[in-house]
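I opened a new page for this fold and went through it from the whole chain down to single helices. My notes follow the model below.

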Amino acid sequence: MSDLPGAPTGTPDPLVIRSLEFLGPQATAGGWRPESTLPEVAFAGRSNVGKSSLLNALVRRKAFARVSRTPGRTREINFFSVNGAFVLADLPGYGYARIAKSRQAEWRPLIEGYLRHAPTLRGVVLLLDVRRDPTDEDQVMLELLTETGIPTLICVTKVDKVGRGEVAARTAAIAQAIGFAPEDLIPFSTVDGRGRDDLAAAIGQLVAESPAVDAPG
Ligand SMILES: Nc1nc2c(ncn2[C@@H]2O[C@H](COP(=O)(O)OP(=O)(O)OP(=O)(O)O)[C@@H](O)[C@H]2O)c(=O)[nH]1
Ligand SMILES: [Mg+2]
């Protein structure tokens, strides 16, 4: 049926897609966003790291979330509902060098505002390119996630771009740079399907768990 990489091979699919709906974009901090009724998981990372591609692989569609040829173009948060059960939020990429200096910090209010006002947010998937060391902006993003206490999954993207042997070494280096255990990072490739089911299972767990109860005040 599906000709996409990572299609069913005999093991049960941890995330069977029955329905998908684009809910709309949030363009500004405090601007319109879909009502926070369903559990939500967001995807963050540098421009061009592969967020939209990963989302497409996750939901097994070729062009659901847009894949950009012009990195840094997506400036809104795009919301999708999956199986009417949970929401995925594709955050704008940060750190694209070829936009005006004056605009390079624009990502922060929108993303920070989103993180602080998403009552049903269960977790953020932070994407890091296997070939690059985490940047200062990646560290800023991680600090925001630590400070807000939002559970974080790390995906190492584009692992097809390096040799099989190099994946473990690069994953270890990236893990060390961000203070994670290497085995907690999920190697991911939209080309050969690596990581799709691991990520799908991890997201399934996040959205199934009962939300952390906030202490009053
Ligand atoms: N080889 C390979 N290329 C990939 C992979 N994932 C994404 N790409 C390519 O990387 C480029 C950027 O991918 P996008 O999914 O648009 O990245 P993004 O993070 O959504 O970018 P912005 O929306 O601009 O922030 C595209 O040319 C993709 O085809 C992967 O796993 N392997
Ligand atoms: Mg994108």
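I started with a count: the protein chain has five helices and seven strands (DSSP runs numbered from the N terminus, H or I of at least four residues for helices, E of at least two for strands). This is a predicted model, so I kept local features to pLDDT of at least 70 and side-chain atom pairs to pLDDT 80 or more, while totals for chains, interfaces and linings use all residues. Residues are numbered from 1 along each chain as its sequence is written, with chains lettered from A and ligands numbered from 1 in the order in which they are written.

Read from the N terminus, the order is β-β-α-β-β-α-β-α-β-α-β-α.

**Sheet.** I traced an open sheet of seven strands, ordered S1-S3-S4-S2-S5-S6-S7, with mixed pairing; strands pair if DSSP finds at least two bridges between them. S1 (20-26) and S7 (185-187) are the edge strands, each pairing on one side only. I then followed S1 to S3 (residues 77-82): six bridges join them, and they run antiparallel. Gly 24 has Phe 79 of S3 as its bridge partner.

**Burial.** I found that 36% of the 217 residues count as buried (20 or more other C-beta atoms within 10 Å of the residue's own; exposed is 12 or fewer, partly exposed in between, with C-beta atoms placed from the backbone).

**H2.** In H2 (residues 107-116) I noted Trp 107, Leu 110, Ile 111 and Tyr 114 as buried. They sit on the same side of H2, because their arc around the axis is only 90° (taken from the directions from the helix axis to the C-beta atoms). Their cover includes S1, S2 (40-45) and S3.

**H3.** Which residues of H3 are buried? Asp 138, Met 141 and Leu 142 are, and they share one side of H3 because they span an arc of only 100°. On the other side, Asp 136, Glu 143 and Glu 147 are exposed. S2, S5 and H4 (164-178) are among what covers the buried residues of H3. After H3 comes Gly 149, with a positive phi near 70°.

**Core.** Last, I looked up the largest nonpolar core, which has 46 residues (buried Ala, Val, Leu, Ile, Met, Phe, Trp, Tyr and Cys joined through C-beta atoms within 7 Å). Phe 43, Leu 126, Cys 155 and Val 156 have the most contacts inside it. S5 (residues 121-129) gives the largest share, six residues.

Technical notes. Contact = placed C-beta atoms within 7 Å.
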